[in-house]
Amino acid sequence: MKISVIGTGLIGSQVLGDLTAAGHEATGHSRSTGLDLLTGDGLDDALRGAEVVVNLTNSPTFDDASLDFFRTSVTNLLAAAQAADVGHIVTLSIVGVDRVPGMAYYRAKTLQEQLVETGPIPYSIVRATQFMEFVAPTMEWTTDGDVVRLPATPIQPISSAEVAAEVAEVAAGTPLRGIRNIAGPDVFTLDELGRITLEATGDHRHVVTDPTAGLFAVVEGDVLTAPEGAQVTATHYRDWLRSH
Ligand SMILES: NC(=O)c1ccc[n+]([C@@H]2O[C@H](COP(=O)([O-])OP(=O)(O)OC[C@H]3O[C@@H](n4cnc5c(N)ncnc54)[C@H](OP(=O)(O)O)[C@@H]3O)[C@@H](O)[C@H]2O)c1
């Protein structure tokens with residue numbers, strides 16, 4: 001199958017590898033290859049002949065500007081995909097994304113889903129829980145000296161390799177016309193995840209539980225954990241830490 005992968009970062013690069021290994025003709029596109037979804041530059045070339053488009057781009061910021069990023073990028077992508085007669089568009093989103101109205105970035109991702117759901121191309125949405133790779137950067141946001149402040153928000157981390165494998169499988173299949181949820185095997189509170197990470201990496205900072213700290217402070221209850229029927233993956237966070 002000819003598959004155009006838009007966004008070649010953490011997930012996009014691995015999806016490209018998985019699709020190529022499975023024998024598909026997959027090509028990767030991003031600003032670094034001359035495609036800009038915000039201006040439309042390079043879009044027609046990136047989609048020419050593609051049967052499937054996989055959108056793995058991300059907004060450069062998590063604030064209100066992310067709403068404009070996803071509105072403009074998805075609108076441009078859908079119009080170009082329709083013109084190129086693409087038969088399937090795959091989008092990677094986040095478990096529980098529509099249940100955190102207090103976070104601008106999650107409102108932006110919800111808008112991204114809605115644009116795809118109401119758009120002209122048969123679609124699939126894969127919602128994943130927070131990537132294991134995302135835990136350490138999350139801790140940097142709220143580090144002050146030796147102290148990392150984190151709320152006790154329930155998180156179910158998943159390895160990006162397992163997310164990529166799922167996205168590649170969905171891309172090679174028929175459109176779901178719906179949402180598939182995928183989650184890691186264990187639920188931790190974010191402050192606990194921070195402590196596990198510091199201990200495993202010999203980092204001398206310490207975690208202070210702070211219900212007001214960082215982006216995840218606005219999350220209510222366990223809305224970011226696997227809903228009923230979610231696919232649960234095999235890699236545990238402590239094992240992942242040991243191998244990274
Ligand atoms: N972090 C999590 O825990 C989590 C959980 C579930 C779902 N997700 C979703 O997973 C998706 C992929 O995340 P990721 O971590 O793989 O992202 P990433 O590593 O930051 O990569 C983002 C990609 O988007 C490209 N891009 C950005 N602006 C662009 C533009 N205007 N035009 C074309 N390409 C553009 C970048 O290209 P250049 O580098 O060339 O600019 C880069 O290749 C995101 O949509 C995110 O919401 C994340």
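**A tour of the ligand and its pocket**

The lining of the largest pocket comprises 19 nonpolar, twelve polar and three charged residues (Ala, Val, Leu, Ile, Met, Phe, Trp, Tyr, Cys and Pro count as nonpolar, Asp, Glu, Lys and Arg as charged, and the others, Gly among them, as polar). The model is predicted: local features need pLDDT of at least 70 and side-chain atom pairs pLDDT 80 or more, whereas totals for chains, interfaces and linings use all residues. Residues are numbered from 1 along each chain as its sequence is written, and side-chain values use heavy atoms, with hydrogens and water left out.

Begin by selecting L56, T57, N58, S59 and Y105, which lie nearest the centre of the largest pocket among its 34 lining residues. A pocket here is an open set of points on a 1 Å grid over the protein atoms alone, with protein on both sides within 12 Å along at least five of seven lines; lining residues have an atom within 4 Å of a point. About 770 Å³ of space lies in this pocket.

Next, display the ligand, which takes up the space of the largest pocket. Around the ligand are 26 residues (a heavy atom within 4 Å); R31, T57, Y105, K109 and F131 come nearest. By class, this shell has 13 nonpolar, ten polar and three charged residues.

Then colour β4, which gives the most to the shell, with three residues (strands are DSSP runs of E, at least two residues, numbered from the N terminus).

Finally, turn to the oxygen atoms of the ligand. One lies 2.7 Å from an N or O atom in the side chain of R31. At T8, a backbone N or O atom is 2.8 Å from a ligand oxygen, and a polar backbone atom of G9 is 3.2 Å from a ligand oxygen.

Terms used. Polar contact = N/O pair within 3.5 Å; in protein donor to acceptor, adjacent residues only side chain to side chain. 1 Å grid on protein atoms, 1.4 Å probe; cavity = no way out; pocket = protein on both sides within 12 Å on 5 of 7 lines; lining within 4 Å. Sits in = over half its atoms within 2 Å of the grid points. Helix = DSSP H or I, 4+ residues; strand = E, 2+ residues; numbered from the N terminus. Points joined across faces, edges and corners; volume = space filled by probe spheres on them.
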